[in-house]
Amino acid sequence: MANVNQPSDRDRMVDTQIQDPHDGRPPVVDHAVLRAMRKVPRHLFVPQEHQYLAYEDRPLPIGYGQTISQPYIVAIMTELLQLASEHRVLEVGTGSGYQAAVLAEIAGDVYSVEIVEPLAMLARERLAALDYDNVTVRAGDGYLGWPEYAPYDAIIAAAAPRDVPQSLLDQLKPGGRMVLPVGPAWRTQMLKLVARHSDGSITRDDIMAVGFVPMITN
Ligand code: SAH
């Protein structure tokens, strides 16, 4: 596992998978996103036995049947949110906490909900150890959002509901953006960008086909 935590591994990840992917994927160009992807130590968010794969172009298991998303997917979803430093962000599906850390590098405050309690606890400890004091993690059902801190400038989900949850839409500010996979469980889903405009109207754009774990609904 030698050298896996070197910044050069992260730079290579960003250069070849995210900034200049050679396989037709649209490149990520937002400087703040690229900077965050170069900075957050992804290997510290995966189980030790998978750390040597932390900077590869793939999702990885994090236990409890869940996965940390592929680096490119984390980057493109973050870019689509068009975050600013004063933004308040809601994340559904904390998982390892990696996406939350990337969001926290750019936005003001991140509120993240994870339905698997041990994952929520582990992510909370990990993010605190890395001094991400602008991330708040709660164990619970994120399908319902987190009304206490609503409305949000941005909402991101790393688990796929069948349809865009009305509860999340209701917690999005006018001018806010939501990025999430939508579709049937264990099949290809569509990554969607949902924007609530200042006049109240809502637009939905299909971005790309993706494969996420299903969003659990109780
Ligand atoms: N963003 C994560 C990826 C986690 S995978 C990372 O960077 O590691 C998706 C996560 O969504 C899983 O941990 C799963 O347990 C969680 N999840 C699924 N349904 C959920 C729900 N209704 N509320 C909150 N979390 C949910």
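Which residues does Ser69 touch, not counting residues up to four places away in sequence?

1. Basis of the note. This is a predicted model, in which local features need pLDDT of at least 70 and side-chain atom pairs count only at pLDDT 80 or more, while totals for chains, interfaces and linings use all residues. Residues are numbered from 1 along each chain as its sequence is written, and side-chain values use heavy atoms, with hydrogens and water left out.

2. Ser69. The residues that Ser69 touches are Arg42, Pro59, Val74 and Phe212, leaving aside residues up to four places away in sequence; contact here means heavy atoms within 4.5 Å. Ser69 is found in the loop between β2 and α3 (71–80). Helices (H or I, at least four residues) and strands (E, at least two) are DSSP runs, numbered from the N terminus. With 17% relative accessibility, Ser69 counts as buried. Buried means under 20% relative accessible area, exposed over 50%, and partly exposed in between (1.4 Å probe, protein chains only).

3. Strand β1 (residues 60–63) and strand β2 (residues 66–68) run antiparallel and are joined by three bridges; two strands pair if DSSP finds at least two bridges between them. Gly63 has Gln66 in β2 as its bridge partner. Two residues lie between the strands of this hairpin, and Tyr64 in the turn has a positive phi of about 55°.

4. The structure holds eight salt bridges, each being a side-chain nitrogen of Lys or Arg within 4 Å of a carboxyl oxygen of Asp or Glu. One of them joins the side chains of Asp9 and Arg12 at 3.4 Å, N to O. Both residues lie in helix α1 (residues 7–19), three residues apart, which is about one turn of the helix. Asp9 is buried at 14% relative accessible area, whereas Arg12 is partly exposed at 38%.

5. A salt bridge between helices. In the pair Lys39 and Glu105, the closest N and O atoms are 3.2 Å apart. Lys39 lies in helix α2 (residues 31–39) and Glu105 in helix α4 (residues 98–106), so the pair ties together parts that are 66 residues apart in sequence. Glu105 is partly exposed, with a relative accessible area of 26%.

6. A salt bridge between strands. Lys192 and Asp206 form a salt bridge with the closest N and O atoms 2.7 Å apart. Lys192 is in strand β9 (residues 189–196) and Asp206 in strand β10 (residues 202–210), 14 residues apart. Lys192 counts as buried, at 18% relative accessibility.
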